[in-house]
Structure formats: C-alpha cells, structure tokens
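Biologist: I have some questions for you. Please put the structure up before we start.

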Amino acid sequence: MTEKVKVRIDGEVIAATAGQTILEVARTNNKYIPALCYMEGLSTVGACRLCMVEVSGVSRLLPACTTPVQEGLAVATTSPQLESYRKIALELLFAERNHVCAVCVSSGHCELQTLAQEHGVTSVRYPYSYPRLPVDMTHPRFVLDHNRCVLCSRCVRTCAEVEGAHVWELAGRGIGSRLVSELQRPWGEATSCTSCGKCVQACPTGAMAEKGWGVEEMTKRRAAVSRLTSMREGE
Amino acid sequence: MDKARIGTCWLDGCAGCHMSLLDTDEGIIAILRKADIVFGPLVDAQEWPEGVDVALVEGAVSSQDDLKLAQTVRSRSRIVVALGDCAVTGNVPSMRNGIPTRKLLERIYVEGATVCPGVPTDGVPGLLKQAEPLHSAIKVDVHVPGCPPKANAILMVLGDLLEGREPDLGSKLRFG
Amino acid sequence: MTTGVVTALPRVDDQDLTDRIIGDHVGRPGALLGILEELQDANRHKYLPMETLEYVAVRTGIPQAQVYSVATFFTLFNLDPQGVHTVAICRGTACHTRGSRALLQRVKLQLGVGEAVDAAGKTTMTTADRRFTIRTVACFGQCALAPVVEVDHAIRGHVKEQVLIREVETLRKGGAR
Ligand code: SF4
Ligand code: SF4
Ligand code: SF4
Ligand code: FES
Ligand code: FES
C-alpha cells in the first residue's frame with residue numbers, strides 16, 4: 001500500500017510515498033512551491049495555477065498540488081519561465097477584482113499580498129477590470145467581500161469537507177464566476193450555515209473576515225482548520 | 001560632476017507619499033548632496049522643468065489635469081517613478097471606477113450637499129471616466145508600491161537611481 | 001452528509017411531475033443534470049424557478065449551493081422565464097468579425113429590449129410581453145457559416161440583417177399565443 005518511491009526535487013533525491021502529491025512531498029522536505037488554492041487537510045482542485053512546476057520528460061507545466069509523485073520523477077520548482085508565469089497568474093488575480101490593500105482588513109496577513117511581494121510583483125501589467133461587486137454583511141458575525149475573492153474555493157471545501165454544511169459553491173462561469181451561499185441567498189439567511197467560522201479562517205485573502213476588525217487587523221487561524229482534519233484522519 | 005535633478009508631483013493622491021519622503025529625515029541630506037529637487041510642493045517652480053532625471057509621481061490619474069501633468073512629466077524626465085499604491089495600482093481613488101462619473105458627482109455634490117447643491121464645473125478639471133494607475137497613461141520606469149511606501153524604501157530607490165543602478169525593492173516591496 | 005437542518009419543502013407548480021422526474025434520475029451518475037434539464041423542459045416558460053432548485057436540493061439531498069452552481073454553469077439552463085420565441089445570436093470570434101454585434105443590436109432595437117445580464121452573468125433579454133428572448137451564444141461550432149443565428153432551434157448561417165429582421169417580424173405577426 002504505502003509504496004516508497006524516490007523523486008528528485010531541484011536535484012535533491014527525496015524519499016516519498018507513492019500517491020503523495022509533488023506539493024506535499026516538497027512541503028514535508030522544506031522545498032518551497034507557491035500555492036494559493038491548496039490548503040492542508042482539504043481536497044485539491046488545482047484552481048490557482050501558482051504551484052505549476054516543471055517535470056522532466058513532460059513538455060507542459062504541471063500543478064504540484066494535484067500531481068502525484070512516481071518513482072524517478074524529477075521536478076524543478078523554479079525557473080525563469082515558471083517565475084514569469086507565476087507573476088502573470090498573480091497579476092491576473094489582481095486585475096480581476098478590486099484589491100485595495102490600503103483599506104483591507106487582511107493587509108499584512110494576506111496570502112495573495114504575500115505571494116505578490118515574494119514574487120516581485122511591483123505592478124500589474126494588465127488593465128484592471130474594476131467590476132462592481134457587492135459586500136455581504138448579512139451574517140451577524142462575518143463579512144464576505146467579493147471584491148477581494150480569488151475564487152480559490154478554500155471556503156467551499158472547508159465548509160463542505162470539514163464542517164459538513166456545504167453552504168458555499170462557485171456559481172456562473174469564467175469571468176462572471178461568483179462565490180454563492182445556497183441559492184445565492186444572503187449569507188445571513190443561509191439556513192445550512194452553523195456560524196462555525198471555519199470558512200473565514202480558511203480564506204487566504206480579505207474576502208472573508210470577522211466583523212469588527214479594522215484595516216490590517218484580521219488575522220486568521222488557518223492551521224486550526226487543517227489540524228481538525230488531521231486529527232480526524234488519526235482517529 | 002553636475003548634480004542630478006529630481007522632480008516630485010502628486011496627482012490623485014493624499015500627499016501621504018510626500019509625507020513619507022519627508023520622513024526620510026536626515027537621509028534626504030545624502031540624496032541632496034547628489035541631486036537638487038527642482039520641482040515639487042517644497043519648491044517654488046510653477047512649471048515642470050525640462051531635463052529632470054528622476055520624477056517621483058504620487059497619485060492615480062483621475063482628471064484631465066492629472067493626465068496633462070503626467071504627460072508633461074514623461075516628456076521632460078528621464079526616469080519616471082510611480083510612487084505609492086495610488087500611482088501603482090489606482091488604490092483608493094480607483095474605488096469609484098465602477099460608478100459612472102455623472103452619478104458619482106451627483107451623489108456627492110447634489111444628494112450629499114447641505115448647502116449650494118450642484119456639480120461644480122468652473123475652475124475644476126474634468127474627471128476622467130476612471131482613476132487609473134500611472135502606467136496606464138504614460139510609460140513608467142520604476143514602481144514603488146506601498147500606502148505610503150516606507151521612507152527607507154524611497155531612500156533606497158532614489159539612492160540606486162542616482163548611482164545608475166536598477167532598483168530592486170526585494171524585501172522592502174509591500175502593498176498597502 | 002446532511003446538516004441536521006430540516007428545510008420545509010418549497011411549493012412547486014406540479015409536485016407530482018417534479019417528483020416523478022427526480023425519481024427517474026436519482027441515484028444515477030449525473031442525475032442532477034438530467035433532473036434540471038427535464039424540469040426546465042417541462043416548465044411552461046422553459047426556465048428553472050428558484051423554488052424548483054430548492055425543491056430539487058431538498059428532495060435529492062444535494063446542497064443548494066451545488067444545485068445553483070450547476071444551474072448557473074451550463075448556458076443551457078435559464079433562471080428567468082423565456083419568451084415564446086428564442087433568437088440566439090453567436091458572439092464567437094468568427095461571427096463577431098462577420099458582424100454579429102450589429103445583428104444583435106439590430107434585433108434588440110427591433111424588439112425594444114435593453115442590455116441585460118442575468119444572475120449567472122449570461123446575456124439574455126426577454127421582451128416585456130414574453131414573446132421573444134434574445135440570447136448570445138459563445139460559439140455554435142458552425143464558424144464556417146458565420147454569422148450564425150439560431151431562431152427557435154433552427155440554425156441559420158450567413159445571416160443578413162434584413163433577412164433576420166423579416167423573419168423576426170413574421171414571428172411577431174404570427175398571432176398572439
Ligand atoms: S485581499 Fe489581500 S491583496 Fe486583496 S486587498 Fe486585501 S490585503 Fe490586499
Ligand atoms: S460559518 Fe461554518 S457553516 Fe457557515 S458557511 Fe462558514 S464554514 Fe460553513
Ligand atoms: S471567499 Fe476566500 S476562501 Fe472563499 S473562494 Fe473567495 S478567496 Fe477563496
Ligand atoms: S495550489 Fe495548486 S493550483 Fe492552486
Ligand atoms: S463563432 Fe459563431 S459559430 Fe463559431
């Protein structure tokens with residue numbers, strides 16, 4: 001069952017278990033691969049494309065979070081080409097919605113912001129789309145600001161897989177995609193929401209926050225959500 | 001050796017980036033040994049001069065006047081720096097961009113007015129449809145994000161540019 | 001995986017028919033798609049009212065958000081009542097370069113409807129009297145025939161403005177229904 005394989009990450013030979021993803025193996029061995037839609041303890045969807053890596057013998061790039069390792073696999077986690085693609089992916093995320101870090105509750109604790117800084121994104125080369133998007137304040141304790149949502153679906157998976165409530169989904173398609181609760185009901189009227197707050201903790205950006213915090217004040221306990229699933233697996 | 005010429009200006013911004021420039025404290029002295037500030041709020045000059053080496057531009061491009069000034073700056077300066085989030089991303093000024101300008105002006109100057117309701121037209125520059133980052137209007141050579149950029153980031157960038165190096169913000173890169 | 005929240009069954013027009021359609025599909029792979037497709041077909045105005053979506057969710061145990069996600073992902077599904085006649089204009093690249101935008105503008109003018117984007121971000125416009133729905137399609141896969149327009153499920157290629165207008169006019173005069 002737990003077949004051992006040997007893989008190479010940036011030249012270093014690493015022992016792994018077949019079925020683990022490239023990203024998991026890299027993380028457990030302190031090799032950095034950027035990721036946004038991936039969160040430990042949740043299923044993987046390969047939505048953000050930030051974790052793309054080069055695999056020798058494969059001409060296209062592969063997402064590390066969904067690609068399982070095999071014996072002899074050789075991965076490059078960084079290259080000029082990968083870096084330029086990651087920058088493009090990040091810039092497009094900024095261009096798609098309205099990110100105004102200066103007035104965002106998550107500034108300073110935001111995974112998108114941190115990734116942009118780490119990858120040297122100093123400006124966005126694509127025209128901003130400036131969509132008009134609502135902010136859902138109907139929940140008594142939480143806020144959903146669509147302006148900051150990157151459609152990573154971490155909240156969707158957390159609510160469905162960890163809390164078992166499945167309040168959220170991504171609706172529509174393409175540039176018109178939106179996060180919706182139930183049948184696009186206001187969050188505060190979603191009868192299946194238990195108000196556990198796990199989605200808020202899992203959200204990498206300022207899209208979901210607890211009410212009552214000011215700019216830069218919303219810190220999240222993502223590890224707590226991941227820990228819940230690992231405890232369950234251990235049961 | 002001739003001293004380099006620095007110009008600074010602000011478009012649709014809050015002056016915060018200029019405050020940060022002042023926050024460089026004695027750091028500015030080292031800069032002024034190598035350069036003169038030839039235009040900006042601290043200088044008397046009425047018009048952006050020719051032959052500027054480094055232009056620091058704060059603020060988004062929001063009005064006809066902003067656009068004109070940005071174009072003048074570009075045509076008369078060697079290196080244009082977008083200073084701060086408003087110039088780099090549009091930032092807070094761009095939060096109006098989803099609203100048609102007419103509605104916006106009426107909301108503020110008519111519905112929101114307690115005295116003399118009416119959209120002003122005389123002596124104020126026309127608003128552009130959207131407040132955009134500087135690089136959507138003119139070519140920008142260096143971006144220094146931050147709201148405002150930290151004083152030491154500005155110093156580092158200016159230092160690099162005056163020494164003829166391409167600045168790399170590295171760990172000083174920060175939005176918000 | 002239920003939430004423990006008991007949701008009252010929403011009222012739907014024809015509960016027996018709805019139950020039968022759900023019963024026919026439930027348990028099969030891709031059941032939700034089949035259910036929604038048949039329910040829309042059975043609806044007089046060819047759309048899926050919110051109550052129907054909620055009913056399906058409660059009856060099948062599929063989370064509401066997931067039902068909504070599917071109903072808004074596929075362009076096949078309508079969340080608003082549709083007109084008696086449908087004019088679907090292709091806005092794909094080939095058709096665009098051959099003037100499909102002008103066709104769309106012209107028909108909109110003729111039927112007196114404005115721009116409209118529905119909840120799912122699709123462009124669909126229905127006349128106030130519900131006789132016509134105009135919608136756009138990403139590509140019919142008939143690019144050689146561009147510009148392509150589908151009128152009441154019949155594909156027309158190389159469509160000329162005048163011909164399209166006449167056809168719509170004929171339908172419009174085709175008596176009240
Ligand atoms: S969500 Fe992150 S990137 Fe977006 S505005 Fe907030 S801090 Fe900035
Ligand atoms: S608060 Fe809990 S139950 Fe409610 S949407 Fe978030 S994760 Fe789901
Ligand atoms: S709300 Fe947050 S977690 Fe949910 S999809 Fe948007 S960015 Fe991701
Ligand atoms: S982390 Fe792999 S695609 Fe998002
Ligand atoms: S573009 Fe119209 S049919 Fe393909």
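Biologist: What does Glu163(A) count as at 25% relative accessibility?

Modeller: This is a predicted model, where local features need pLDDT of at least 70 and side-chain atom pairs pLDDT 80 or more, while totals for chains, interfaces and linings use all residues. Residues are numbered from 1 along each chain as its sequence is written, chains are lettered from A and ligands numbered from 1 in written order, and side-chain values use heavy atoms, leaving out hydrogens and water. Buried means under 20% relative accessible area, exposed over 50%, and partly exposed in between (1.4 Å probe, protein chains only). At 25%, Glu163(A) therefore counts as partly exposed.

Biologist: Which side chain meets Glu163(A) in a salt bridge?

Modeller: A salt bridge needs a side-chain nitrogen of Lys or Arg within 4 Å of a carboxyl oxygen of Asp or Glu. For Glu163(A) the N to O distance is 2.7 Å, and the partner is Lys198(A).

Biologist: How many residues apart in sequence are the parts that this pair ties together?

Modeller: The salt bridge of Lys198(A) and Glu163(A) comes first, at 2.7 Å. Helices here are DSSP runs (H or I, at least four residues), strands are E runs of at least two, and both are numbered from the N terminus. Lys198(A) sits in helix α5 (residues 198-202) of chain A and Glu163(A) in helix α4 (residues 154-163), so the separation is 35 residues.

Biologist: Is Lys198(A) buried or exposed?

Modeller: Take its relative accessible area, which is 16%. That makes Lys198(A) buried.

Biologist: In chain B, how many residues apart are Lys34(B) and Glu163(B)?

Modeller: Lys34(B) is partly exposed at 37%, and Glu163(B) is partly exposed at 46%. Their side chains meet in a salt bridge, 3.0 Å from N to O. The pair links distant parts of the chain: Lys34(B) is in helix α2 (residues 27-34), Glu163(B) is in the segment after α6 (151-162), and the gap is 129 residues.

Biologist: Which strand of chain C holds Arg156(C)?

Modeller: Arg156(C) and Glu167(C) form a salt bridge, 2.4 Å from N to O. Glu167(C) lies in helix α7 (residues 161-173), 11 residues away in sequence, while Arg156(C) lies in strand β5.

Biologist: Which residues do salt bridges that share partners join into one network?

Modeller: Stay with Arg156(C) for a moment: at 30% relative accessibility, this residue counts as partly exposed. The network is in chain A, and its members are Glu111(A), Arg154(A) and Arg222(A).

Biologist: Of the two pairs of chains in contact, which share the most contacts?

Modeller: Contact means heavy atoms within 4.5 Å. Chain B and chain C have none, and their closest C-alpha atoms lie 16 Å apart. The pair with the most contacts is chains A and B.

Biologist: Which residue forms a salt bridge with Arg174(B)?

Modeller: The count between chain B and chain A is one salt bridge. Its closest N and O atoms are 3.5 Å apart, and the partner of Arg174(B) is Glu216(A).

Biologist: Which residues come nearest to ligand 2?

Modeller: A residue is near a molecule or strand if one of its heavy atoms lies within 4 Å of it. Around ligand 2 there are 13 residues, and the nearest are Cys159(A), Cys193(A), Cys196(A), Gly197(A) and Cys199(A).

Biologist: And which come nearest to ligand 3?

Modeller: Ligand 3 also has 13 residues around it. The nearest are Cys149(A), Cys152(A), Ser153(A), Cys155(A) and Cys203(A).

Biologist: Of the 177 residues of chain C, what percentage count as buried?

Modeller: Chain C has seven helices and five strands. Its C-alpha trace spans about 60 × 35 × 25 Å along the principal axes. The buried share of its residues is 44%.
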